[in-house]
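Here is a friendly walk through one protein model, with the cut-offs given along the way. Have a look at the sequence and the structure first, and then we can start with a pair of packed helices.

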Amino acid sequence: ALRAGLAPTSFQRRAVSTSQGAQTPSSVKTLPLAIQPYALLARLDKPIGTWLLLWPCLWSIAIVAPAGALPNLWMMTKFSIGAFVMRGAGCTINDLWDMDIDSKVERTKTRPLAAGLITKEQAVVFLGLQLSAGLAVLLSLNMY
């Protein structure tokens with residue numbers, strides 16, 4: 001497993017890049033090697049979940065905009081960040097709950113936890129960071 005602050009071994013580099021035969025998506029390959037497993041854990045390479053969470057939010061913000069005015073871009077930015085972070089948190093908690101099963105299923109055995117690219121403790125810390133970011137977005141919204 002990759003450890004924070006330590007350079008990955010050649011085995012870990014190979015594991016991140018091939019992950020038991022699966023190719024790392026190009027969107028993740030551009031990131032530093034140490035954070036690639038976290039990007040895969042949050043499914044940054046598969047944005048459809050974020051879009052499915054975000055579109056209703058953006059649509060509702062657009063609907064409440066005064067006639068002839070642009071929607072509130074600052075509110076749209078907050079909801080975009082919230083959707084991105086909370087979708088990643090959902091994927092992280094799913095992988096934590098299913099890590100034993102994921103390692104036995106062909107479709108999911110290359111996920112970072114199931115493949116052993118990160119430890120359960122590292123995933124829990126990452127989940128805490130994601131949930132904290134989501135809470136920060138929530139607390140930044142109006143109180144009424």
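## Helix 5 against helix 7

In helix 5, the residues K78, I81, G82, V85, M86, G88, A89, T92, I93, L96 and M99 meet K120, A123, V124, F126, L127, Q130, L131, A133, G134 and V137 of helix 7. Contact here means heavy atoms within 4.5 Å. Helices (H or I, at least four residues) and strands (E, at least two) are DSSP runs, numbered from the N terminus. By class, the residues of this contact of helix 5 with helix 7 are 14 nonpolar, 5 polar and 2 charged; Ala, Val, Leu, Ile, Met, Phe, Trp, Tyr, Cys and Pro count as nonpolar, Asp, Glu, Lys and Arg as charged, and the others, Gly among them, as polar.

Two packed helices are described by the angle between their axes and the distance between the axes. For helix 5 (residues 73–102) and helix 7 (residues 120–139), the axes come within 9 Å and cross at roughly 155 degrees. Axes are lines fitted to C-alpha atoms, for helices over the stretch in contact, with angles from 0 to 180 degrees between N-to-C directions. Helix 5 and helix 7 are therefore roughly antiparallel to each other (under 35 degrees is roughly parallel, over 145 roughly antiparallel, 65 to 115 roughly perpendicular and the rest oblique).

## About the model

Please keep in mind that this is a predicted model: local features need pLDDT of at least 70, side-chain atom pairs count only at pLDDT 80 or more, and totals for chains, interfaces and linings use all residues. Residues are numbered from 1 along each chain as its sequence is written, and side-chain values use heavy atoms, with hydrogens and water left out.

The protein chain has 7 helices and 0 strands. Of its 144 residues, 35% are buried, where buried means under 20% relative accessible area, exposed over 50% and partly exposed in between (1.4 Å probe, protein chains only). Among the contacts in the protein chain with a separation of 6 or more, 61% come from residues 24 or more positions apart.

## Helix 4 against helix 5

Helix 4 also packs with helix 5: their axes come within 9 Å and cross at roughly 155 degrees. Helix 4 and helix 5 are therefore roughly antiparallel to each other, and their crossing is right-handed. On the helix 4 side the contact is made by G49, T50, L53, L54, C57, L58 and I61, and on the helix 5 side by M75, M76, F79, S80, A83, F84 and R87. The contact of helix 4 with helix 5 has 10 nonpolar, 3 polar and 1 charged residues.

## Aromatic pairs

How many aromatic pairs are there? The count comes to 2, with rings of Phe, Tyr and Trp (its six-membered ring) pairing if their centres lie within 6.5 Å; planes under 30 degrees apart count as stacked, over 60 as edge-to-face and the rest as tilted. The ring centres of Y38 and F126 are 5.2 Å apart and the planes stand at 55 degrees, so this pair is tilted. Y38 lies in helix 3 and F126 in helix 7, so the pair ties together parts that are 88 residues apart in sequence. Both Y38 and F126 are buried.

W51 and W55 form a stacked aromatic pair, at 5.7 Å centre to centre and 25 degrees between the planes. Both lie in helix 4, 4 residues apart, about one turn of the helix. W51 counts as partly exposed at 41% relative accessibility.

## Two loops

The loop between helix 3 (36–41) and helix 4 (48–63) holds A42, which is buried at 7% relative accessibility. Not counting residues up to four places away in sequence, A42 touches R87, G88, C91, F126 and Q130. R43 lies in the loop between helix 3 and helix 4, and counts as buried at 8% relative accessibility. Most residues other than glycine have a negative phi. R43 has a positive phi of about 60 degrees although it is not a glycine.

T108 is found in the loop between helix 5 and helix 6 (112–115) and is buried, with a relative accessible area of 2%. Leaving aside neighbours within four places in sequence, T108 is in contact with D102 and A114.

Note on methods. Left-handed = near helix turned anticlockwise from the far one by under 90°.
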